[in-house]
Amino acid sequence: MRPEEKTSYKDKEITMPAMPAVEVSSPRISMSRAGMREAIVKRTGPMAVPRRRKSASKDSEIIERLKNGEQEALEIVFNLYSRKLYSVAHRILGEAADTEEVIQDVFWTVYRKAKSFKGDSQLSTWLYRLTVNAALGRVRRSKKKKEVEYEEFLPKFQEDGHHRVRPVVDWSDTLDEKYAQREIQALVGKALDQLKPIDKSIMVLSDLEGLSDKEISAAMNLTVSAVKTRLHRARLFLRGNLAVQLGHSAA
Amino acid sequence: MPLAKRTSRPNVNDSCKKITDLIFNYLTDRLTPAVRREFERHLRICPDCVNFLNTYKKTISLTGSLVIREMPRNVRATVLAFLRQKPHRIVVLFFSLLAQATL
């Protein structure tokens with residue numbers, strides 16, 4: 001295929017739709033997985049995605065019951081969140097055995113420390129924080145993997161700021177045609193596993209769990225700015241890593 | 001809308017590097033209207049940046065579509081059993097310590 005065809009604007013929604021006015025100070029639009037995927041598929045412009053439902057009153061009721069030491073409240077929290085937290089921990093750790101221990105630690109901590117939960121964050125944010133902390137703690141204690149240099153997979157630019165390798169290949173449309181879903185999952189999983197644990201945690205919370213930058217900042221004890229910077233860099237790395245795995249240049 | 005040609009070169013002032021740095025805020029609607037207009041103007045003349053943006057967005061959607069690892073039933077049962085026992089043990093420990101202290 002000639003580059004002209006590959007990079008043609010034909011069939012692409014390059015004409016940007018009239019976007020609604022957005023105030024700079026407006027809060028970030030939280031990305032649910034389904035909403036984000038739909039937005040990405042359908043639009044070329046900024047993603048418009050629904051905000052996740054919050055249930056602060058329900059949270060406070062459960063927390064009160066936890067503070068009173070109610071076993072039933074602990075099981076309610078377990079039933080509500082264990083599936084999500086298991087998935088997060090498993091993505092960070094990659095080891096099933098460790099994941100079980102992490103989940104056990106998390107809910108045991110919930111039971112013991114419920115009284116110290118001040119309610120300045122949502123219950124879910126607290127649970128994510130406990131899970132990520134427990135998972136990262138285990139990663140730190142485990143045998144260190146050789147870290148991949150990000151630089152190798154980040155975009156490169158000429159001195160005047162233009163892409164160094166041209167044309168930049170758009171593999172977004174052809175990926176699903178060329179590879180089976182299982183293969184794609186393996187490619188993405190492999191790329192994700194090469195991220196630094198802290199960046200992988202941020203990416204899992206953002207792009208898998210749909211947490212906002214602010215929620216991730218609270219869950220990981222990082223500034224919102226640090227979350228944004230790390231997330232963008234992690235996505236650039238992942239994009240480059242996938243491009244290389246697909247036989248293209250990362251740049 | 002005229003189609004961009006491969007031979008067209010974007011203005012040096014709005015470089016691809018700058019566009020790449022702005023992608024994150026563009027996708028979350030956090031660019032000022034003026035910057036967003038510039039961003040989109042660059043996209044109209046730079047196929048490389050369009051392709052880069054498409055693959056960046058695809059990367060996000062691919063990560064989001066990763067299959068959720070389900071908690072195995074036996075793990076769920078084990079953790080639940082642990083949580084049901086542990087509080088009980090703490091209560092027993094508390095009362096046994098209390099009993100020792102009062103003796």
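Helix H3(B) is largely enclosed by the rest of the structure, because 16 of its 18 residues are buried. A residue is buried if 20 or more other C-beta atoms lie within 10 Å of its own, exposed if 12 or fewer, and partly exposed in between, with C-beta atoms placed from the backbone. The model is predicted: local features need pLDDT of at least 70, side-chain atom pairs count only at pLDDT 80 or more, and totals for chains, interfaces and linings use all residues. Residues are numbered from 1 along each chain as its sequence is written, while chains are lettered from A and ligands numbered from 1 in the order in which they are written.

H3(B) covers residues 47–64. Helices (H or I, at least four residues) and strands (E, at least two) are DSSP runs, numbered from the N terminus. At 1.5 Å a residue, the 18 residues of H3(B) should span 26 Å, and the end C-alpha atoms are 26 Å apart, which agrees. The expected span is 1.5 Å times one less than the number of residues.

H3(B) packs against helix H1(B). Their axes come within 11 Å and cross at roughly 35 degrees. Axes are lines fitted to C-alpha atoms, for helices over the stretch in contact, and angles run from 0 to 180 degrees between N-to-C directions. The crossing of H1(B) and H3(B) is right-handed. A crossing is left-handed if the near helix is turned anticlockwise from the far one by less than a right angle, and right-handed if clockwise. On the H1(B) side, the contact is made by B:Cys16, B:Ile19, B:Thr20, B:Ile23 and B:Leu27. H3(B) contributes B:Asp48, B:Cys49, B:Phe52, B:Leu53, B:Tyr56 and B:Lys57. Two residues are in contact if their C-beta atoms, placed from the backbone, lie within 7 Å. The residues of this contact divide into 8 nonpolar, 1 polar and 2 charged. Ala, Val, Leu, Ile, Met, Phe, Trp, Tyr, Cys and Pro count as nonpolar, Asp, Glu, Lys and Arg as charged, and the others, Gly among them, as polar.

H1(B) (residues 16–27) also packs against H2(B) (residues 33–45). Here the angle is about 120 degrees, and the axes are 11 Å apart. That makes H1(B) oblique to H2(B). Angles under 35 degrees count as roughly parallel, over 145 as roughly antiparallel, 65 to 115 as roughly perpendicular and the rest as oblique. The crossing of H1(B) and H2(B) is left-handed. B:Ile19, B:Leu22 and B:Tyr26 of H1(B) meet B:Val35, B:Arg36, B:Phe39 and B:His42 of H2(B). This contact of H1(B) with H2(B) holds 5 nonpolar, 1 polar and 1 charged residue. B:Ile19 takes part in the contact with H2(B) and in the contact with H3(B).

The loop between H1 and H2 of chain B contains B:Asp29. B:Asp29 is not a glycine, yet has a positive phi of about 55 degrees. The residue is buried, with 21 other C-beta atoms within 10 Å.

Chain A has 11 helices and 0 strands. Of its 251 residues, 36% count as buried. Among contacts in chain A with a separation of 6 or more, 66% come from residues 24 or more positions apart.

Helix H6(A) spans residues 123–141. Its 19 residues should span 27 Å at 1.5 Å a residue, and its end C-alpha atoms are 27 Å apart, which agrees. Buried residues of H6(A) include A:Leu123, A:Trp126, A:Tyr128, A:Val132 and A:Val139.

The axes of H5(A) (residues 96–113) and H6(A) come within 9 Å and cross at roughly 135 degrees. That makes H5(A) oblique to H6(A). H5(A) passes H6(A) in a right-handed crossing. A:Asp98, A:Val102, A:Asp105, A:Val106, A:Thr109 and A:Val110 of H5(A) form one side of the contact.

A cis peptide bond joins A:Arg166 and A:Pro167, with omega about 0 degrees. A:Pro167 lies in the loop between H6 and H7 (175–178) of chain A. A:Asn221 has a positive phi of about 55 degrees although it is not a glycine. A:Asn221 sits in the loop between H10 (213–220) and H11 (224–245) of chain A. The residue is exposed, with 10 other C-beta atoms within 10 Å.
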